[in-house]
Amino acid sequence: MRTNWSNYAWKLCWVVGLIALTLLSSFLRQRIRDNSAITFDMLPFFWFNATIFLIFGLYISLLFIKTWAVNINWPLLLCVSLPSLLIAFYSPVIFTIVKYTTPDLSNFTVPIPFWLHRINELGIPAIVAGLSIMIGMFENRNTNKSN
């Protein structure tokens, strides 16, 4: 019996890529954290957190895509991806709007509920958004359904 080793090789390459992505994100997070400590500007940190977790979700979804044929699953995109993206990027967008539209930044309030901030700390909405975007766009559905 002959074993097809290419499947194992792709999975090992995926793990190597995951390690590289983790190291790169850790390095960039530290650089942005250091810059935020110097400039007292947390806006790049909020954008980085939302974006890097979205990239991790997109990368994890590579494990689940078997064929690269576009086959859009609209319910998944509209009911899972869109709300997850809105939750994940609400804080950075609101902070950006407040920063660039408020003349006196020493006295301002940002309309972000505490529960939303707690949810986004772990990056789960952005990871779910990345996973569901890729799976929703390249879903492997059977078009030949037999009754």
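**Notes on the predicted model**

1. Aromatic pairs. The structure contains 4 aromatic pairs. In one of these, the rings of F46 and F95 have their centres 4.6 Å apart and their planes at 10°, so the pair is classed as stacked, the planes being under 30 degrees apart. Because F46 belongs to helix α2 and F95 to helix α3, this pair ties together parts of the chain that are 49 residues apart in sequence. F95 counts as partly exposed, at 23% relative accessibility. As the model is a predicted one, these geometries should be read as computed values.

2. A second ring pair between the helices. W47 and F89 also form an aromatic pair, but this one is tilted, with 6.0 Å from centre to centre and 40° between the planes. The pair again links distant parts of the chain, since W47 lies in helix α2 and F89 in helix α3, 42 residues apart. The two partners fall on either side of the 20% limit for burial, because W47, at 31% relative accessibility, counts as partly exposed, whereas F89, at 15%, counts as buried.

3. The nonpolar core. Which residues have the most contacts inside the largest nonpolar core? They are I52, L54, F89 and A126, in a core of 13 residues. Two or more residues are given to this core by each of α1 (6-39), α2, α3 and α5 (124-137), and the largest share, 7 residues, comes from α2. As general background, nonpolar side chains in soluble globular proteins tend to be buried together.

4. The surroundings of I52. I52 is found in helix α2 (residues 43-60) and, with a relative accessibility of 7%, counts as buried. Once neighbours within four places in sequence are left aside, I52 is in contact with S25 and R29. The C-alpha atoms of I52 and S25 are separated by 7.0 Å, although these residues are 27 residues apart along the chain.

5. The end of the list of buried sites. S36, which is found in helix α1, is buried, with a relative accessible area of 6%. Not counting residues up to four places away in sequence, S36 touches D41, M42 and F45.

6. Salt bridges. A search of the whole structure finds 2 salt bridges. In one, the side chains of K99 and D41 meet at 2.9 Å, N to O, and this pair links distant parts of the chain, with K99 in helix α3 and D41 in the loop between α1 and α2, 58 residues apart. Both partners are partly exposed, K99 with a relative accessible area of 25% and D41 at 23% relative accessibility. R118 forms a salt bridge with E121, the closest N and O atoms being 3.7 Å apart; here both residues lie in helix α4 (residues 114-121), 3 residues apart, or about one turn of the helix. R118 counts as partly exposed at 47% relative accessibility, and E121 likewise at 43%.

7. A nonpolar patch on the surface. V70, I72, W74, L78, L82, L86 and M137 form a nonpolar patch on the surface, with about 680 Å² of accessible area together. Helix α3 (residues 74-101) supplies the largest share of this patch, 4 residues. I72 lies in the loop between α2 and α3 and counts as partly exposed, at 30% relative accessibility.

Notes: Residues are numbered from 1 along each chain as its sequence is written. This is a predicted model: local features need pLDDT of at least 70, side-chain atom pairs count only at pLDDT 80 or more; totals for chains, interfaces and linings use all residues. Side-chain values use heavy atoms; hydrogens and water are left out. Buried means under 20% relative accessible area, exposed over 50%, partly exposed in between (1.4 Å probe, protein chains only). Contact means heavy atoms within 4.5 Å. Patches are made of residues with over 30% relative accessible area and no salt bridge: like charges are joined within 9 Å, nonpolar side chains (Val, Leu, Ile, Met, Phe, Trp, Tyr) within 5 Å. Accessible areas come from the Shrake-Rupley method with a 1.4 Å probe; for residues, only the protein chains shown count as cover. A salt bridge is a side-chain nitrogen of Lys or Arg within 4 Å of a carboxyl oxygen of Asp or Glu. A nonpolar core is a set of buried Ala, Val, Leu, Ile, Met, Phe, Trp, Tyr and Cys residues joined through side-chain atoms within 4.5 Å. Rings of Phe, Tyr and Trp (its six-membered ring) pair if their centres lie within 6.5 Å; planes under 30 degrees apart count as stacked, over 60 as edge-to-face and the rest as tilted.
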